[in-house]
Amino acid sequence: MASRMAPKVNSKQGGSPCQEKRVVLLSPLGRLEISGCDKGVHEIKLPKASLLPRGRAEPSVACEACEELPEPLRQCTAWLRAYFCEPASTGSLPLPALHHPLLRRDSFTRQVLWTLLNDVKFGEAISYKQLADLAGNGRAARAVGAAMRSNPIPIIIPCHRVIRSSGDSGGYGGGQLMKEWLLCHERLQKEKLAQGGGC
């Protein structure tokens with residue numbers, strides 16, 4: 001397959017341009033397209049919902065063009081591999097640096113995304129209202145929904161863990177089936193770990 005590492009100058013990052021590289025990670029959900037530079041991960045693009053694998057997906061992950069990646073992209077692919085195959089090990093892995101303008105400017109969206117990343121752990125779910133409370137504005141549940149829609153780094157910033165107060169899964173950029181798959185994956189892995197089993 002063609003390499004996805006063609007350098008690209010990314011001027012949308014603000015300041016000096018980045019030498020952006022891309023890598024494709026083949027996951028149980030399909031192809032995850034990851035872009036970034038030496039400063040951090042810019043974006044994770046989820047596969048189209050219509051391209052999700054049918055039936056039970058094997059917990060394996062492969063990488064296209066994984067050589068000569070900047071450190072943040074190596075860390076990102078390692079973290080995602082662990083997430084799908086050995087979830088218990090994600091806590092011991094470094095999170096990659098994140099380098100997207102949305103995460104660098106001072107805004108409620110940034111506050112919500114960082115709060116989600118730091119406070120809502122693997123296998124947990126939180127409502128939009130609860131996340132608004134944690135982020136410092138309990139009346140901003142709709143703004144939390146907007147922040148979830150604009151999340152440039154899904155799975156690592158776990159917007160799939162944000163659900164409706166009713167317990168329904170709610171929307172997701174990768175589609176409702178993908179959100180439910182991710183929630184189920186985390187719930188099952190957490191149950192296995194609680195029972196002393198592995199992946």
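## Helix α3 and its packing

Contact here means heavy atoms within 4.5 Å. In this predicted model, the buried residues of α3 pack by that criterion against α2 (101–104), α4 (128–134), α5 (141–149) and β7 (162–163). The residues in question are Thr 109, Val 112, Leu 113, Thr 115, Leu 116 and Leu 117.

Helix α3 itself runs over residues 108–119, 12 residues in all. The distance from its first C-alpha to its last is 16 Å, close to the 16 Å expected at 1.5 Å a residue.

## Confidence in the model

Mean pLDDT for the chain is 84, and 81% of its residues reach 70 or more. Residues 1–13 stay under 50. The model has 36 contacts beyond four places in sequence for residues 1–13. Where pLDDT is low, the predicted coordinates should not be read in detail.

## Salt bridges within helices

The whole structure holds 4 salt bridges. Side chains of opposite charge can pair when their charged atoms come close. One of the salt bridges joins Arg 74 to Glu 71, with an N to O distance of 2.5 Å. Both residues sit in helix α1 (residues 71–85), and because they are 3 residues apart, about one helical turn separates them. An α-helix has 3.6 residues a turn, so residues three or four places apart point the same way. Arg 74 is partly exposed at 39% relative accessibility, and Glu 71 is partly exposed at 40%.

Helix α4 contains another pair, Asp 133 and Lys 129, which lie 4 residues apart, about one turn of the helix. Their side chains meet in a salt bridge at 3.2 Å, N to O. Asp 133 has a relative accessible area of 43% and is partly exposed; Lys 129, at 38%, is partly exposed.

Glu 186 forms a salt bridge with Arg 161, and the closest N and O atoms of the pair are 2.8 Å apart. Buried means under 20% relative accessible area, and both Glu 186 and Arg 161 are buried.

## His 185

Helix α6 (residues 176–194) also holds His 185. With a relative accessible area of 8%, His 185 counts as buried because the cut-off is under 20%. The side chain of His 185 reaches the backbone oxygen of Tyr 83 at 2.9 Å.

Leaving aside residues up to four places away in sequence, His 185 touches Tyr 83, Phe 84 and Pro 87.

## Ile 155

The phi angle of Ile 155 is near 75°, a positive value in a residue other than glycine. Ile 155 is buried, and its relative accessible area is 0%.

Key: Residues numbered from 1 in each chain as written. Predicted model: local features only at pLDDT ≥ 70, side-chain atom pairs only at ≥ 80, totals over all residues. Heavy atoms only, no water. Helix = DSSP H or I, 4+ residues; strand = E, 2+ residues; numbered from the N terminus. Expected span 1.5 Å × (residues − 1). Buried < 20%, exposed > 50% of the residue type's maximum accessible area, 1.4 Å probe, protein only. Polar contact = N/O pair within 3.5 Å; in protein donor to acceptor, adjacent residues only side chain to side chain. pLDDT = per-residue confidence, 0-100.
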